[in-house]
Amino acid sequence: MPEETQSAGSAHEELKHVVSIFVNDQSVHLEGPKVNGLQIKEAATRAGLPIDLVSQLIEELLHRFTRVIGDADVVEGRAGSRFLALAPDDNS
């Protein structure tokens with residue numbers, strides 16, 4: 001009798017749900033809760049924000065603190081999280 005197998009990792013996958021965040025003060029919906037910087041920028045471009053995928057992503061934290069989020073950096077996308085997507089500097 002064939003044995004049923006579960007795909008690796010499927011038992012530990014997190015439940016995904018739509019989270020509303022803000023990028024450059026505009027609402028963006030993404031599938032979270034854990035996302036990386038590139039996924040945030042891709043969701044922002046799908047929402048019509050005029051940003052490039054090479055933009056620098058900055059998370060706005062409490063008490064006016066910020067942190068830079070790289071494309072591969074994973075963050076917890078919570079409802080109301082705020083990010084800035086800034087064009088890369090052109091030092092030519």
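Colleague: With which residues is Ser81 in contact, leaving aside its neighbours within four places in sequence?

Modeller: Ser81 is in contact with Ile21, Phe22 and Glu76 once those neighbours are left aside. They are called contacts because heavy atoms lie within 4.5 Å. The model is predicted: local features need pLDDT of at least 70 and side-chain atom pairs count only at pLDDT 80 or more, while totals for chains, interfaces and linings use all residues. Residues are numbered from 1 along each chain as its sequence is written, and side-chain values use heavy atoms, with hydrogens and water left out.

Colleague: Where is the place of Ser81?

Modeller: Ser81 is in the loop that leads from strand S6 (74-76) to strand S7 (82-86). Helices (H or I, at least four residues) and strands (E, at least two) are DSSP runs, numbered from the N terminus.

Colleague: Why does Ser81 count as buried?

Modeller: The term requires under 20% relative accessible area, whereas exposed requires over 50% and partly exposed lies in between (1.4 Å probe, protein chains only). The relative accessibility of Ser81 is 12%, so Ser81 counts as buried.

Colleague: What does the side chain of Ser81 reach?

Modeller: The side chain of Ser81 reaches the backbone oxygen of Arg78 at 2.8 Å. A polar contact is a pair of N or O atoms within 3.5 Å; within protein, one must be able to donate a hydrogen and the other to accept it, and residues adjacent in sequence count only if both atoms are side-chain atoms. The value of 2.8 Å for Ser81 and Arg78 therefore falls within the limit of 3.5 Å.

Colleague: Is Ser55 buried or exposed?

Modeller: Ser55 is buried, because its relative accessible area is 6%. Ser55 lies in the loop between helix H1 (37-46) and strand S4 (56-60). Its side chain reaches the backbone oxygen of Asp52 at 2.8 Å. Not counting residues up to four places away in sequence, Ser55 touches Lys41, Ala85, Leu86, Ala87 and Pro88.

Colleague: In what sense do S1 and S7 pair?

Modeller: S1 and S7 pair in the parallel sense, over two bridges. Phe83 in S7 is the bridge partner of Val23.

Colleague: Why does Ile21 count as buried?

Modeller: Ile21 has 1% relative accessibility and therefore counts as buried. Ile21 lies in strand S1. Ile21 and Ser81 are 60 residues apart in sequence, yet their C-alpha atoms are 4.9 Å apart in space.

Colleague: Which residues of the largest nonpolar core touch the most other members?

Modeller: A nonpolar core is a set of buried Ala, Val, Leu, Ile, Met, Phe, Trp, Tyr and Cys residues joined through side-chain atoms within 4.5 Å. The largest one has 16 residues, of which Ile21, Val23, Val28, Leu30, Ile40 and Phe83 touch the most other members. At least two residues of this core come from each of S1, S2, H1 and S7. Apart from neighbours within four places in sequence, Val23 is in contact with Val28, Ile40, Ala44, Leu49, Phe83 and Ala85.

Colleague: What lies over the face of Phe22?

Modeller: Arg82 lies over that face of Phe22, at 4.7 Å from the ring centre. A charge sits over a ring if NZ of Lys or CZ of Arg is within 6 Å of the ring centre and within 35 degrees of the ring normal.

Terms used: Pairing = 2+ DSSP bridges.
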